[in-house]
Amino acid sequence: MAQASMLTEVVQKFVTATPDIQGAALVTPDGLSLTSVLPGSMDEERTSAMSAAMLSLGERIGQELSRGIVDRIVIEGEKGYSVMVSCGDDAVLLVLAAKEAKQGLLFLEIKRILKDLAPMVS
Amino acid sequence: MTREKLGGFISIVCFKGVITGMEEALGERATSIALISAGRTRGKNLVTELGLAGSNPSLEDLASKLDFALGENGTRLCKVDKIEDNGDTIKVYTHETVCSAGEEQGSSRKCTYSMGAVCGAIETIQGKRYRPKHTESVLRGGTHDVFEMSMIG
């Protein structure tokens, strides 16, 4: 696995360079933070555990309800989106985006960063 | 509210019922994440209440303090026997963990809440962060439930 500083650099760049992205966190499948760039009001440990648990629960729902392999979990709230996706077998990526974000572009940007991050965390 | 007749302890059977019920509804992994996270918070709060946060005692002293807080004189979550430092990782040797209690020999059950509590306590005492893993089990031929904790920052 790449050093935490390298992961932080990639995630930081993703958050600052992509319009409407408000934060991101890369966490282990068991819910520990690898790196995060989150708004100051958010608790990193809790956010990491919630993201990994949520993705796992979504995968279970996909299996139990015969929905196949889960691409992503999206929570759409009045203030924006939280998107959780697998980053290979070794990490989960959480992305926070503003309400104004275009979903198609958001998912495309997430797919791009996953390509960069996946080899770094495997 | 205190329980006048029943006191502060519940049966392991009921605690295990909570775990297996959560596993049934949420799946093993999501349950494990939730319980490890809950354990970490418990461990963190416990050592803060005891005034040990940031105290960084010797590992022998740390094991003894954790055993006192979590063992037979404390909340009876588990017995903490010793802690070994192997550089970037530390190994915590425990037994009579609530997670392994009541399980058949050979069971694949892994410690979650107990491991999280021990990890959260040590993290708060030392001011470091670890990724814990249950590496040896009394249910699978081990003499102890061993939690190996790798430093992550």
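Glu96(B) is placed in the loop between strand 2 (89-95) and helix 4 of chain B; helices (H or I, at least four residues) and strands (E, at least two) are DSSP runs, numbered from the N terminus. The structure is a predicted model, in which local features need pLDDT of at least 70 and side-chain atom pairs count only at pLDDT 80 or more, while totals for chains, interfaces and linings use all residues. Residues are numbered from 1 along each chain as its sequence is written, and chains are lettered from A and ligands numbered from 1 in the order in which they are written.

Although Glu96(B) is not a glycine, its phi is positive, at about 55°. Glu96(B) is partly exposed, with 17 other C-beta atoms within 10 Å. A residue is termed buried if 20 or more other C-beta atoms lie within 10 Å of its own, exposed if 12 or fewer, and partly exposed in between, with C-beta atoms placed from the backbone. A positive phi, near 50°, also occurs at Ser66(A), a residue other than glycine. Ser66(A) belongs to the loop between helix 2 and strand 3 of chain A and is exposed, having 6 other C-beta atoms within 10 Å.

Chain B contains four helices and four strands, which follow the pattern α-α-α-β-β-α-β-β along the sequence. The C-alpha trace of chain B spans about 40 × 35 × 25 Å along its principal axes. For 153 residues, a compact globule would have a radius of gyration near 15 Å, and the 15 Å of chain B agrees with this; the radius is taken over C-alpha atoms, and the globule rule is 2.2 Å times the number of residues to the power 0.38. Of the 153 residues in chain B, 35% are buried. Two residues are in contact if their C-beta atoms, placed from the backbone, lie within 7 Å. Among contacts in chain B between residues at least 6 apart in sequence, those joining residues at least 24 apart make up 55%.

In chain A, five strands form an open sheet in the order 2-1-5-4-3, with antiparallel pairing. Its edge strands are strand 2 (33-37) and strand 3 of chain A, each of which pairs on one side only. From one strand to the next, the twist averages 10°. Two strands are taken to pair if DSSP finds at least two bridges between them.

Strand 4 (residues 80-87) of chain A has six of its eight residues buried, so this strand is largely enclosed by the rest of the structure. Five bridges link strand 4 of chain A to strand 3 (residues 73-77) of chain A in the antiparallel sense, with Tyr81(A) in strand 4 as the bridge partner of Glu76(A). The hairpin joining strand 3 to strand 4 of chain A passes through two residues. Strand 4 of chain A also pairs with strand 5 (residues 91-98) of chain A, in the antiparallel sense and over eight bridges; here Val85(A) has Leu93(A) as its bridge partner in strand 5. The hairpin formed by strand 4 and strand 5 of chain A has three residues between them, and Gly88(A) in the turn has a positive phi of about 70°.

Strand 1 (residues 21-27) of chain A pairs with strand 5 of chain A in the antiparallel sense over six bridges, and Gly23(A) stands opposite Leu96(A) in strand 5. Helix 3 (residues 103-121) of chain A packs on the sheet and touches strand 1, strand 4 and strand 5 of chain A, its direction making about 35° with that of strand 4. Helix 2 (residues 44-64) of chain A lies across strand 1, strand 2, strand 3, strand 4 and strand 5 of chain A, at about 75° to strand 1. Axes are lines fitted to C-alpha atoms, for helices over the stretch in contact, and angles run from 0 to 180 degrees between N-to-C directions.

The largest nonpolar core has 65 residues, and those with the most contacts inside it include Ala24(A), Leu93(A) and Val118(B). Helix 4 (residues 113-126) of chain B gives the most to this core, with eight residues. Such a core is a set of buried Ala, Val, Leu, Ile, Met, Phe, Trp, Tyr and Cys residues joined through C-beta atoms within 7 Å. Neighbours within four places in sequence aside, the contacts of Ala24(A) include Val11(A), Phe14(A), Val37(A) and Leu93(A).

Between the chains, twelve residues of chain B are in contact with eleven residues of chain A. Helix 2 (residues 28-49) of chain B supplies seven residues, the largest share of the side of chain B that touches chain A.
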